[in-house]
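Please examine the sequence and the three-dimensional model below before reading on.

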Amino acid sequence: MTALILQSLYSGLLSGGSYALIALGLALVFGTMKIINLAHGEMVLLSAYMAYVMENRLAVNPLLATPLALVVACLIAVVVYFLVSRISRNRELNSLILTFGIGIILTNAALIIWSADIHSTSAPGFQEPVVLGPLYSMRSELGFFVASMVLVAALWWWLSRSWYGRAVRAVSSNRDAAKLMGINPHRTEVVSFVVAGILASVAGVAIYSTGVIQPALGASLTTKAFIITVLAGIGSIPGVLVGAVLIGVVEALTVTLYSSAIQELTGMALFLLVLFVLPNGLFGAARRRG
Amino acid sequence: MRVRVLIPLLVIVLYGVVPFALAGNNYVMSILVAALIIAGVALAWALLGNLGGMVSFGHAAFFGVGSYISAIVTMKLGVPVFAAMLLGGAGAAVAAVAVLPALRLSGPYFALAVLAYAHIFKILATEFTTITGGAGGILGIPTLPRVLGYDFGSKVGGYLVIVTIVLLFALVYARIRNSYYGYALRAMHDSEDATRVVGVHSTLLKALMLFLSAFMTGVVGAFNAHCINFLEPDYAFSSGWTMLPVVAAIFGGYRTLTGPLVGAVVVYTVDQLVFKSLIPSGHQIIFGVLLGVMILFAPDGLIPLLAKKLQWVRQPRGCRDPRTESVC
Amino acid sequence: MLRLDAITVQFGGLTAVKGVSLSIGAQEVVGLVGPNGAGKTTLFNAISGLVRPTAGRASFEEADILKAPMYKRARMGIGRTFQIPQPMHELTVRQNLLVAQRFGAGRVDEAKVDEILSFLHLSDKADRDAATELSLSELKALEVGKALATDPRLLLLDEVLAGLETASKRSFMKTLTELHARYRISILIIEHDIETISNLCPRVCVLNYGQLIADGTPQEVFSDPEVIRSYTGGGHD
Ligand SMILES: Nc1ncnc2c1ncn2[C@@H]1O[C@H](COP(=O)(O)OP(=O)(O)O)[C@@H](O)[C@H]1O
Ligand SMILES: [Mg+2]
């Protein structure tokens, strides 16, 4: 039993890697533009399908799809940014409906092009077991977890050290003050969208390489990313990281101890608990949201 | 003036002309009933959006809860169908209590929190197999009954019931909108503090709108269950029950009373008759396009747009009163 | 009737109001002055329930108010205006007052609303859209009107005279004097102009850096060297 629990903690930790990438992208865009991009999960979804296309149509290793996925996700990100920035009134709610619509378009496009079938990789070597003492994982899971952590570290470095990263943080915390400091908020917004796209593309390839994909996945990834940011209390990378791993672990534990059917339920229950008991998130400072 | 002529006319058309004109055509009749089901939910959604100032992406939760409760109490407890439909609505309102903590969240947070609730309810319905029949679903849900010799279980009977439900809801909505509660609620979106400082208990009013919207959605969901006589979690809590009403309300104009209704009938019929045959799998892509186009080019929706056009024809210059638009 | 006891309000590291104790009697008119950023509006926010003080106590007519939510304080009889007018959107001027009366005073009395409108010279704007069709002075009058419609016994006026031209300012001052005589309520008014405040208020309180540094008649207060220093020292933010 202990071995099983230990194993699910480990699997959950590994899946938390890609969750973190997705949630960080969502949080980044929310930070600069104060909108929640409901098509965010679909950027991940289409990236995943790029990996599928590479493997099944061109018969190459899905990892090589990363540049293509990068282009697709960033393109979507820029289009979403462009459309959202054209909203003149009541941006907060209208952008929600607009990106909800874009999500519907992308999900159904995937459905039309690739059908509702479930796909997963059969690339050689991906499913090979890696054993670390009592813990087991697929090689692709471990590889992508490490890659995600590298990317998160890079993001952290970028936000704290580079000029653009600091501009993003400045705009997130106080838009007007940032303007006075000579930062162009619009350019910062585009940059945050593109960075979210980069994170999403890697997450997409990771999800295809380690699990199964289907068109409906996009919407559930957006929800999951949102839940993670609520758990984290928007605004801190470590918070999002812990939230993502928490969701991953809770899901894995549920599958082990109960059934895979309610896998998502426990994550949501956790979310409700936080909403009721700790409205500022697990790590949030005491401040009002939104 | 205009309203006094229009309403009796509408009633005559809806109750007199339509049932007889379409009585022989079961296919069109069932599309119309389905469109009115969407219209009912769209109206409830728009009530929450326009009066409560809250956008929800989870009305499927209330729809599903209403349909399951009504189905179960008729089948397991023998409650008469019409009473059960009210219980379905009440159950959905009770389910909305679970959403209350989300009320203190601002706009986008609320919208997404409700989405998460819809997921939770769907999973619960799948898991509580003893009550809901689980993923296998419930078969043989009783149809609408025969009352005073008239069979409401027929296609026309079902139509008359849903038309009445939707009209009653519209009436309630209109009454609230033109009451002090409605004034305060509408004033709240732009400046909640401005209303609270004059004594408006804003959270309570918003909660009431949430309950009412959930109740309406639950009743419509219950009607639907007795109409198709079959339920399964993936169907009853399908995200379509959220998406279609949102599209209908945004297309017609969610801040008007007629917008969601007209929007639902137009969007649903066109989708069923045209796009479903053009793109059998993935025809919902058109809903996404519609949402995008409306938000970018006509965020107020079709009805205010038409009203403006008409007004412009009638009085070519000036004196456009912003308030007459909300009368539509 | 209003009693503040060592009220402190902090925003993160910033202390906007520091241990302010103050009482206001029935039907008293008190001026509240101080440089920009002194914490005057924040003190109003603390009294009306917009912010929660970090420390201190406050009671109104012997009832503890700090636990009461904003809407309850309005119903208890505390009315206020906002420095930046906040008309209720999508409503006409009259509807603004009616909503305030319905919820704040718990009754609907259209005659009283009409009386307030005419008293504030808003009668001919009664059916205009409040958020889009009023001038600044009309918006300020509407602020006062909404507060009056809730049947307050204490009225907090936040810079209702600021930004008006001399003529409308003078007539508004006259209205405020009449208002006090007619409705017999206590008024706490924030105003920068020393002459205005001296004319309106027999008693003046001075806030500086969140602290109450003087409380007395205008003559006493404005000859106090500390007050003069805070004024000539200019504003701070
Ligand atoms: N909600 C708030 N959050 C953070 N700081 C605030 C807030 N409200 C006011 N302040 C700060 O408190 C101080 C006092 O402000 P205020 O009460 O508006 O001054 P006054 O009305 O006397 O000009 C200012 O430094 C202001 O920036
Ligand atoms: Mg001020």
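The following paragraphs describe the surroundings of a ligand and then the contact between two chains. This is a predicted model, in which local features need pLDDT of at least 70, side-chain atom pairs count only at pLDDT 80 or more, and totals for chains, interfaces and linings use all residues. Residues are numbered from 1 along each chain as its sequence is written, chains are lettered from A and ligands numbered from 1 in the order in which they are written, and side-chain values use heavy atoms, with hydrogens and water left out.

Ligand 1 is surrounded by 12 residues, where a residue counts as near if one of its heavy atoms lies within 4 Å of the ligand. The closest are C:G37, C:G39, C:K40, C:T41 and C:T42. By class, this shell holds 5 nonpolar, 5 polar and 2 charged residues; Ala, Val, Leu, Ile, Met, Phe, Trp, Tyr, Cys and Pro count as nonpolar, Asp, Glu, Lys and Arg as charged, and the others, Gly among them, as polar.

Several polar contacts can be located here; the term denotes a pair of N or O atoms within 3.5 Å, and within protein one must be able to donate a hydrogen and the other to accept it, while residues adjacent in sequence count only if both atoms are side-chain atoms. A backbone N or O atom of C:G37 lies 2.8 Å from an oxygen atom of ligand 1. For C:A38, a polar backbone atom is 3.2 Å from a ligand oxygen. In C:T41, an N or O atom of the side chain is 2.7 Å from an oxygen atom of ligand 1. Taken alone, the ligand exposes 560 Å², of which the protein buries 65%; these accessible areas come from the Shrake-Rupley method with a 1.4 Å probe, and for residues only the protein chains shown count as cover.

The contact (heavy atoms within 4.5 Å) takes 29 residues from chain C and 21 residues from chain B. Together the two chains bury about 2,200 Å², 64% of it on carbon and sulfur atoms; buried area is the accessible area (1.4 Å probe) that two parts lose on being put together, summed over both. On the side of chain C, the residues that lose the most area to chain B are C:Y71, C:E90 and C:F103.

How many salt bridges cross this interface? The rule finds 1, a salt bridge being a side-chain nitrogen of Lys or Arg within 4 Å of a carboxyl oxygen of Asp or Glu. It joins the side chains of C:E90 and B:R255 (3.0 Å, N to O).
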